[in-house]
Amino acid sequence: MGLNNTGTEHECPVWNNFRNGDAGALARIFNEHYDSLYYYGRKLVNDDDLVKDCVQNLFLKMWSSRERLMAVKSVKPYLLKAMRRHVGDQITAINRKKQLHTEALEFEITFSHEDLLIALQGSRHQSELLSQSLNRLSSRKREAVFLRFYEGLDYEKIAEVM
């Protein structure tokens with residue numbers, strides 16, 4: 001039982017069977033979409049092992065949360081979007097680990113009281129300038145800045161939110 005050229009004829013029933021706990025449906029979805037997910041992942045990041053892990057982890061996450069997954073018209077776009085998010089999350093996690101490791105290796109510098117006062121004055125001036133600049137932005141642009149720098153969202157997630 002194959003798919004038609006659009007890839008939608010048989011995917012919805014298979015997806016629904018998967019959501020209802022059919023492990024065979026999960027295997028079929030995995031086998032039909034693994035290559036596309038792998039090649040898409042390789043376009044996102046140039047790390048073969050990371051991409052393979054992401055594809056496998058994506059399917060493990062999907063299986064464990066299958067009851068909460070929504071019905072889809074077409075499985076492939078859903079999987080590609082989920083793959084993009086998962087790869088992005090993994091890269092973010094890797095970068096955080098690298099940053100924490102780097103920070104742990106840095107040595108500590110102690111400043112004098114006068115140095116701290118001078119830095120604080122400069123920091124206040126910069127904060128005032130930044131606040132003035134932010135207030136000149138439109139409400140939507142301020143929201144985007146907030147989502148990016150205060151909530152830590154990447155640009156794709158900001159686009160989804162907005």
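Me: What volume does the second largest pocket have?

Reply: In this predicted model, the second largest pocket has a volume of about 220 Å³.

Me: What makes a residue part of the lining of the second largest pocket, and how many residues line that pocket?

Reply: A lining residue has an atom within 4 Å of a point of the pocket. The second largest pocket is lined by 13 residues, and Arg84, Arg85, Gly88, Asp154 and Glu156 are those nearest its centre. At least two lining residues come from each of α4 and α7 (155-161), and α4 gives the most, with eight residues.

Me: How do the residues of that lining divide into nonpolar, polar and charged?

Reply: The lining of the second largest pocket has three nonpolar, three polar and seven charged residues. Asp, Glu, Lys and Arg count as charged, whereas Gly counts as polar.

Me: What is the volume of the largest pocket, and which residues line it?

Reply: The largest pocket has a volume of about 260 Å³. Its lining is formed by Leu58, Lys61, Met62, Ser65, Leu69, Met70, Tyr78, Lys81, Ala82, Arg85, His86 and Asp89. Two or more of the lining residues come from each of α3 (48-64) and α4 (75-105), and α4 gives the most, with six residues.

Me: What are the numbers of nonpolar, polar and charged residues in the lining of the largest pocket?

Reply: The lining of the largest pocket divides into six nonpolar, two polar and four charged residues. Tyr counts as nonpolar under the definition used, so Tyr78, one of the lining residues, belongs to the nonpolar class.

Me: Why is α2 called roughly antiparallel to α3?

Reply: The axes of α2 (residues 23-44) and α3 come within 10 Å and cross at roughly 150°. Angles over 145 degrees count as roughly antiparallel, and therefore α2 is roughly antiparallel to α3. The crossing of α2 past α3 is right-handed.

Me: Which residues make the contact between α2 and α3?

Reply: Contact requires heavy atoms within 4.5 Å. On the α2 side, the residues in contact are Ala23, Leu26, Ile29, Phe30, Tyr34, Leu37, Tyr38, Gly41 and Arg42. On the α3 side, they are Asp48, Val51, Lys52, Val55, Leu58, Phe59 and Trp63. By class, this contact has twelve nonpolar, one polar and three charged residues.

Methods: Residues are numbered from 1 along each chain as its sequence is written. This is a predicted model: local features need pLDDT of at least 70, side-chain atom pairs count only at pLDDT 80 or more; totals for chains, interfaces and linings use all residues. Side-chain values use heavy atoms; hydrogens and water are left out. On a 1 Å grid over the protein atoms alone, a cavity is a set of points where a 1.4 Å probe fits but cannot get out, and a pocket is an open set with protein on both sides within 12 Å along at least five of seven lines; lining residues have an atom within 4 Å of a point. Grid points are joined across faces, edges and corners, and a volume is the space filled by probe spheres set on the points. Helices (H or I, at least four residues) and strands (E, at least two) are DSSP runs, numbered from the N terminus. Axes are lines fitted to C-alpha atoms, for helices over the stretch in contact, and angles run from 0 to 180 degrees between N-to-C directions. Angles under 35 degrees count as roughly parallel, over 145 as roughly antiparallel, 65 to 115 as roughly perpendicular and the rest as oblique. A crossing is left-handed if the near helix is turned anticlockwise from the far one by less than a right angle, and right-handed if clockwise.
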